[in-house]
Amino acid sequence: MILNSMHHLTRTQQFTRSSLDQLFALASKLEKEPDNSLKGKILAALFFEPSTRTRLSFSSAMLRLGGSVITMESGQASSQAKGETLEDSIRVVSNYCDAIVMRHPEEGAADRAAKVSKIPIINAGDGTGQHPTQALLDLYTIQRELGRTDGINIAIVGNLKYYRAARSLSYLLGKFNDIHLTLVSAPELRIRDDIKAYLRKHKVTFEETDNMQAAMKTADVIYQTRMQKEWMSPEEFKKNAGTYIITRKLADSMKKGAIIIHPLPRIGEITDDVDTSPHAVYFKQVRYGLLVRMALLKTILTKWK
């Protein structure tokens, strides 16, 4: 795929390694050079479920590129609360703007929106399906901090069954060489079989374990997740809340140069004293996310080459 031919972004499978390289090169360029190429463009941020980082990150990215933002912050504030279909909402809002970034609690909602929208749809999370822009910024963080995207041992820890960003990142990792995944979770929260099948198909080696301590000693990247109460059954949450917590002692056991990333928010799964560890880059990750979303918006809304 040629990156500047992208119209909608609903899933990470749309990317090739080449298009990822293009996107990340542009993100790094935008870090150094002012750009107002989206002046006169309007982004609609439709968030049918709560968000802080993703919504504000996209808004900031659009404003930094000279554009404007209109926003809806709650499904209860939309006409869907009155019974309007998602498709009709998209048909209406697309008259007000040049692109829509949307978060929705239903898996597959972004694809439904894309089918009826003449303007670009960017998936900002659809239920337990995907969160492609989070995965892109996760990968960009790895590239910036480790200096490479091949030959990496990545441990994804915690809530693998429901964590959409981890699913999206797994699809991206299949495009690189010599990747090994250590999937750390309780048996009932293991990553879904469709992801395992994809990893095997793309020759990404992986192992499943419940031993976080061992994984942290060998990994180049620890990708910590939170227990998402909103998606888990009460039994799953009660059993697993408070497990797989990264303490400073565990962080200190990591090898030199290894990093800890987290999509945030954290709800106790990384203790505060880890923040000063040289391995902790999850707040730098927020800045990298802004750059990636700037690059995406510029790419989708202009003919940058």
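**Reading the fold**

Tutor: Let's start inside. A nonpolar core is a set of buried Ala, Val, Leu, Ile, Met, Phe, Trp, Tyr and Cys residues joined through side-chain atoms within 4.5 Å. Here the largest one has 64 residues, and F15, L136, L181, V292 and L297 touch the most other members. Helix α11 (residues 282–301) gives this core its largest share, 10 residues. There is also a second, separate core of 19 residues, with M212, L250, I260 and Y282 among them.

Student: What kind of model is this, and how are residues numbered?

Tutor: This is a predicted model, where local features need pLDDT of at least 70 and side-chain atom pairs count only at pLDDT 80 or more, while totals for chains, interfaces and linings use all residues. Residues are numbered from 1 along each chain as its sequence is written, and side-chain values use heavy atoms, leaving out hydrogens and water.

Student: How many helices and strands are there in the protein?

Tutor: Helices (H or I, at least four residues) and strands (E, at least two) are DSSP runs, numbered from the N terminus. The protein has 11 helices and 9 strands.

Student: What does the radius of gyration say about the protein?

Tutor: The radius is taken over C-alpha atoms, and the globule rule is 2.2 Å times the number of residues to the power 0.38. For 305 residues, a compact globule would come out near 19 Å, and the protein has 19 Å, so the two agree. Along the principal axes, the C-alpha atoms fill a box of roughly 55 × 45 × 40 Å.

Student: What share of the residues counts as buried?

Tutor: Buried means under 20% relative accessible area, exposed over 50%, and partly exposed in between (1.4 Å probe, protein chains only). Of the 305 residues, 57% count as buried.

Student: And how do I read contacts?

Tutor: Contact means heavy atoms within 4.5 Å. Among contacts with a separation of 6 or more, residues 24 or more positions apart account for 74%. Take Q143, in helix α5 (residues 132–146). Leaving aside neighbours within four places in sequence, Q143 is in contact with F24, R148 and T149. Q143 counts as partly exposed because its relative accessibility is 22%.

Student: Is T299 buried or exposed?

Tutor: T299 sits in helix α11 and counts as buried, because its relative accessibility is 1%. In sequence T299 and H7 are 292 residues apart, while their C-alpha atoms are 9.2 Å apart in space.

Student: What should I look for in the backbone?

Tutor: Most residues other than glycine have a negative phi, and most peptide bonds are trans. Against that background, look at D178, which is not a glycine but has a positive phi of about 55 degrees. D178 lies in the loop between α6 (164–173) and β6 (179–184), and its relative accessible area of 65% makes it exposed.

Student: Where is Y244 found?

Tutor: Y244 is in the loop between α9 (234–240) and α10 (248–252). Y244 also has a positive phi of about 55 degrees without being a glycine, but it counts as buried, at 16% relative accessibility.

Student: Which residues does a cis peptide bond join?

Tutor: L264 and P265, with omega about 5 degrees. You'll find P265 in the loop between β9 (259–261) and α11.
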